[in-house]
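Here's a quick walk through one chain, from its overall layout down to a couple of individual residues. Have the structure open and follow along.

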Amino acid sequence: MSNSIAVVYHSGYGHTKVIAEAVAQGVEESNAKVHLISVDDIDNHWDDLAEASAIIFGSPTYMGSVSADFKGFMDKSSKVWAEQGWKDKLAAGFTNSGSQSGDKLNTLIQMSVFAAQHSMLWVSLGLMPGNNSSTASPQDLNRIGSYLGAMAQSNTDQGAEETPPNSDKETAKELGRRVAKIAARFK
């Protein structure tokens, strides 16, 4: 396996793409090669996924689950699953929704089960929760308080150029850095 990390995502309105770009930036800041791949273009990138030492999955949370487009990517990976092509690769995930909760945890659980079916090794966020005391702030890293992966929240009446907030983008960068650091240790 090479020292490259793939970030595979779907973004319906651009907000999740912003988070995917932040994850990719965190990977790059850790001196690892990154492939930023939209599921809309997945058929041109199966080789990149095969060569990657880690795959970070990203999807908006729609109706308490990954988006239909991201689920389509999951289903398309069945040939890779049958051959256990991603076995022992690192995996991680991130999601975004309009609500603070939006049942984002279910989306991350769905991604982690998907990774487990591929015999991948899940990497958690590795950050303590922020914004959970009287001295805390919405500007804290991990302001939503996730452990399984990075969660972001985007106001539904604002475009991707305005939201999600910087704290969520910085949390996403930390996820990218963490996966890259662990991938380097496994190399």
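## Layout of the chain

First, a word on terms: helices (H or I, at least four residues) and strands (E, at least two) are taken as DSSP runs, numbered from the N terminus. On that basis, the chain has 6 helices and 7 strands. Keep in mind that this is a predicted model. Starting at the N terminus, the order of elements reads β-α-β-α-β-β-α-α-β-α-β-β-α.

How compact is the chain for its length? Its radius of gyration is 15 Å, close to the 16 Å that the globule rule gives for 187 residues, so the chain is as compact as a globular protein of that length. The C-alpha trace spans about 50 × 35 × 25 Å along its principal axes. Look at contacts between residues at least 6 apart in sequence, and 78% of them join residues at least 24 apart.

## The nonpolar cores

The largest nonpolar core has 27 residues, and the members that touch the most others are Ile5, Val7, Val23, Ile56, Phe94, Leu175 and Val179. At least two residues of this core come from each of β1 (4–9), α1 (15–29), β3 (54–62), β5 (90–97), β7 (150–153) and α6 (166–186). There's also a second, separate core of 22 residues, with Val8, Phe73, Trp86 and Met120 among them.

Leaving aside residues up to four places away in sequence, Ile5 touches Val27, Ala32, Lys33, Val34, His35, Ala52, Ser53, Ala54, Ile56, Val179, Ala180 and Ala183.

Phe57 sits in strand β3. Is Phe57 buried or exposed? Buried means under 20% relative accessible area, and Phe57 comes in at 0%, so Phe57 counts as buried. Phe57 and Ala92 are 35 residues apart in sequence, but their C-alpha atoms are 6.1 Å apart in space.

Ser137 lies in the loop between β6 (121–122) and β7. With 19% relative accessibility, Ser137 counts as buried because that value falls under the 20% cut-off. Ser137 and Glu21 are 116 residues apart along the chain, and 24 Å separates their C-alpha atoms.

Of the 187 residues, 50% count as buried.

Technical notes. Residues are numbered from 1 along each chain as its sequence is written. This is a predicted model: local features need pLDDT of at least 70, side-chain atom pairs count only at pLDDT 80 or more; totals for chains, interfaces and linings use all residues. Side-chain values use heavy atoms; hydrogens and water are left out. A nonpolar core is a set of buried Ala, Val, Leu, Ile, Met, Phe, Trp, Tyr and Cys residues joined through side-chain atoms within 4.5 Å. Buried means under 20% relative accessible area, exposed over 50%, partly exposed in between (1.4 Å probe, protein chains only). Contact means heavy atoms within 4.5 Å. The radius of gyration is taken over C-alpha atoms; the globule rule is 2.2 Å times the number of residues to the power 0.38.
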